[in-house]
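Here is a short report for a reader new to this structure.

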Amino acid sequence: MEKITLDIKTNILPIIAADADTIILYLTEGENNFNDAVKAVNDALNGAISELIEGGDFKGESNQVAVLYTRGAMKAHRVMIVGLGEKDEITVDTIRRAAA
C-alpha cells in the first residue's frame, strides 16, 4: 500500500492572502450571514459564493460540496465549500465527515 503524506499548515493572516492550493469553507444549510472569512473570499471572488447560493446550486446540505476556481483573484488556486446541514443538527460526527 502506498503511503500518502499530507502537509497541513496553519497561519494567522487574512484568508485571501493564504498561499494554498485549496481553501476550505464550511457553511450551514440556509446560511446567508457569512462570517468574516467567507465574506472576504466572497468579495475577492466578486460574489461567486453568494451567486451559488442564490442560484440554488449550493444549499449547505450535509455532505454537499462545491469547488470554485479563483482565477488569480486570490493566492489560493481554488475554494472548496462544504455543507454541514442544518445548524441545529450539527454533531461532532457531522464535523468529522465534513472534514474527511
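Asp93 and Arg97 form a salt bridge, with their closest N and O atoms 2.6 Å apart. This is a predicted model. The two residues are four apart in helix 3, so about one helical turn separates them. Salt bridges with shared partners join Asp93, Arg96 and Arg97 into one network.

The side chains of Asp93 and Arg96 also meet in a salt bridge, at 2.5 Å from N to O. Helix 3 covers residues 92-99, and Asp93 and Arg96 are three residues apart in it, again about one helical turn. How accessible are these side chains? Asp93 counts as partly exposed, because its relative accessibility is 32%. Arg97 has 35%, so it counts as partly exposed too. In general, side chains of opposite charge can pair when their charged atoms come close.

## A bridge across the sequence

The whole structure holds three salt bridges. One of them pairs Arg78 with Asp21, and the closest N and O atoms are 2.6 Å apart. Which parts does this pair tie together? Arg78 belongs to strand 3, while Asp21 sits in the segment before strand 1, so the bridge links parts 57 residues apart in sequence.

## The overall fold

The protein chain has three helices and three strands. What is their order? From the N terminus on, the elements run β-α-α-β-β-α.

The C-alpha trace spans about 35 × 35 × 25 Å along its principal axes. The radius of gyration is 14 Å. A compact globule of 100 residues would have a value near 13 Å, so the chain agrees with that expectation.

Among contacts with a separation of 6 or more, 54% are between residues 24 or more positions apart.

## The nonpolar core

Of the 100 residues in the protein chain, 31% are buried. In soluble globular proteins, nonpolar side chains tend to be buried together. Here the largest nonpolar core has 18 residues. Which of them touch the most other members? They are Ile49, Met74 and Ile81. The elements that give two or more residues to this core are strand 1 (22-27), helix 1 (36-44), helix 2 (48-54), strand 2 and strand 3 (78-83).

Take Ile81 as an example. Setting aside neighbours within four places in sequence, Ile81 is in contact with Leu25, Leu27, Ile49, Leu52, Phe58, Gln64, Val65, Ala66 and Leu68.

## The surface

The accessible surface of the protein chain comes to about 7,300 Å². Carbon and sulfur atoms account for 50% of that surface.

Val65 lies in strand 2, which covers residues 65-69. Val65 has 49% relative accessibility, so it counts as partly exposed.

Conventions:
Residues are numbered from 1 along each chain as its sequence is written. This is a predicted model: local features need pLDDT of at least 70, side-chain atom pairs count only at pLDDT 80 or more; totals for chains, interfaces and linings use all residues. Side-chain values use heavy atoms; hydrogens and water are left out. Buried means under 20% relative accessible area, exposed over 50%, partly exposed in between (1.4 Å probe, protein chains only). The radius of gyration is taken over C-alpha atoms; the globule rule is 2.2 Å times the number of residues to the power 0.38. Contact means heavy atoms within 4.5 Å. Accessible areas come from the Shrake-Rupley method with a 1.4 Å probe; for residues, only the protein chains shown count as cover. A nonpolar core is a set of buried Ala, Val, Leu, Ile, Met, Phe, Trp, Tyr and Cys residues joined through side-chain atoms within 4.5 Å. A salt bridge is a side-chain nitrogen of Lys or Arg within 4 Å of a carboxyl oxygen of Asp or Glu.
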